[in-house]
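Keep the 3D view open as you read.

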Amino acid sequence: MAQPGFDGIELVVHAMAQTSVDNETYFSDLDAVVGDGDFGYSLARGFEIVIATWDDIDRTDAATFLRKVAAIITSRVGGTSGPLWGTAFMRAGAVVAGSERIGADQAVAMLRAAIGGVKERGQSDVGDKTLLDALVPAVDELERAVDDGSDAAAAVGNAAATSCAAAEGTSSMLAKRGRAAYTGERSIGSPDAGAIGVAVMFETVARLWPQSQR
Amino acid sequence: MLQGIALANPDTLKYVPEYNLIMRADAPNEQKVSIMQGSGSGHEPAHVMIVGKGMLDAACPGDVFSAPPMDYVLETTKLVNSPKGVLHIINNYTGDRMAFDMGREMAEAEGIVIATVIVDDDVAVKDSTWTVGRRGVAGNFFVIKSVGAASEQGTELADLVALGERVNSVTRSMGMALTSCTPPAKGSPLFELGDNEMEMGVGIHGEPGRKREALASANEIVDELVEAVASDLPFKKGDDVALMVNGLGGTPISELYLVYGRAHAQLAARGITVRRNYVGEYCTSLDMAGCSITLVRLDDELTALLDAPAQIPNRIF
């Protein structure tokens, strides 16, 4: 049976999946401005399977659960999203293999591992106008809040607000990765779809978090 | 779509729905390297309709304009694995490279011998540190045709890679759009293009290209494309070339031949001789009106490989 704190992981993963499915059109439209418009569609095809098979995903422990979610993502999500989001889930799962409980420290560690996976797989970093530009500031804020002793709800709320501001901020950036990068200067003026996706997911988690048992 | 292709070619092709795969019914063939591709859908006939003897052994496309999930790449590689190895031909896009990198890694872990050729024939986008490099577009056809023909002759994997890279290195393309295109899932045009505008250097996934310009005459458009492509290698006086005028999906063939005529004349004026020509739809972008021009510098070996017979569902040469 999964370890204490596992329900937090379930909340986050389900929130990510539901957000992706609910925002399929919105995310694709964002991606169509200077890209090829597949972001929302690609992500939704994988996450809808996560939702459809939710009860059957192996919950032996958090690591196994996240690895199985990663496998669903890579089996169905194409484009760059499959490899990037799949690697993120894989790395997050690996970091909590053998963990006795899933608390704030593990949450930060999982997110850091996910960031590392995305950077490596995508050969990217903060400043390239990608999902990292929303995710990294959010995790920095989450870690800061956790270290300060904030309660979980407040920490998540702050991280969500940070990610939203950061995602909107990508509008002024020049794209250096993905299809938008081919458009050069024309990529300035619209936000990165991946960054907005991360921010909306954070918002969903923040909205749901205080309602949980934690 | 794939079901239709398989139904239309029951003796030669096989459809594997789990991996969105069209493969030769007789693959793997132990006497040859298996050759596979797997870009996004939406470029037909590339690549599911050029699976067959003398060209691809398998194509496992992703959703429209999306690289396939890496599982499709892995499982397809396993299905067509031959004792002589598997060759992955990929267009140079981040998603395609990631999917094939990851799929290859996992397949090699199972002992399969794989090599990769990357196609990056598009001259439109500047090769800079900000992108993964130039895009692979219609020139992909020539890499597949040459390598496909050579593989039927039993050529070894390493030599096929060298050949594919050589063909890629003497192939240059650029396209332009008169309209956008409408992905089925979206149901509306991917980008806005005014009646009086055209997009020079357009990508094949609806991504904008080099420059938005005011609509010009066909001659002016062709001149610009030929100049961009010819000057890039550069193709020189005395060169023999293959010339492809590729329709992007929404342009009538009559117009493609109009383009061909002007391109041919422009090349002749430069002292460049067109030895082989390919006019039609080879690598489309759904229903986009527009075309691309591809030049390949020929020699006797390449010409023979292009002339070698092939048997694919979509006869385009």
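In this predicted model, the largest nonpolar core holds 111 residues, and the members that touch the most others in it are B:Val51 and B:Ala58. Helix H4 of chain B, residues 140-152, supplies the largest share of this core, with seven residues. As general background, nonpolar side chains tend to be buried together in soluble globular proteins.

Leaving aside residues up to four places away in sequence, B:Ala58 touches B:Leu21, B:Ile22, B:Met23, B:Ala27, B:Met36, B:Val51, B:Thr76 and B:Val80. Apart from this core there is another one, made of 67 residues, including A:Phe47, A:Ala160, A:Ala195 and A:Val200.

Now step back to chain B as a whole. Chain B contains eight helices and 12 strands, and its C-alpha trace spans about 55 × 45 × 40 Å along the principal axes. A compact globule of 317 residues would have a radius of gyration near 20 Å, so the 19 Å of chain B agrees with that expectation. Of the 317 residues in chain B, 61% are buried.

Next, look at how the two parts of chain B meet. The chain is divided into domain 1 (2-170) and domain 2 (171-305), and the centres of these domains, taken over C-alpha atoms, are 23 Å apart. Across the boundary, 27 residues of domain 1 of chain B are in contact with 34 residues of domain 2 of chain B. On the domain 1 side, the elements that give two or more residues are H4 and helix H5 (157-169) of chain B. H4(B) gives the most to that side, with seven residues. Sorted by class, the domain 1 side has 15 nonpolar, seven polar and five charged residues.

Finally, turn to chain A and its helix H5, residues 81-95. This helix has 15 residues and reaches 21 Å from its first C-alpha to its last, close to the 21 Å expected at 1.5 Å a residue. Is H5(A) mostly covered or mostly uncovered? H5(A) is mostly covered, with 14 of its 15 residues buried.

Key: Residues numbered from 1 in each chain as written. Chains lettered and ligands numbered in written order. Predicted model: local features only at pLDDT ≥ 70, side-chain atom pairs only at ≥ 80, totals over all residues. Core = buried A, V, L, I, M, F, W, Y, C linked by C-beta atoms within 7 Å. Buried ≥ 20, exposed ≤ 12 C-beta atoms within 10 Å, placed from the backbone. Helix = DSSP H or I, 4+ residues; strand = E, 2+ residues; numbered from the N terminus. Contact = placed C-beta atoms within 7 Å. Expected span 1.5 Å × (residues − 1). Rg over C-alpha atoms; globule rule 2.2 N^0.38 Å. Domains from an automatic or database assignment. Nonpolar A, V, L, I, M, F, W, Y, C, P; charged D, E, K, R; others polar.
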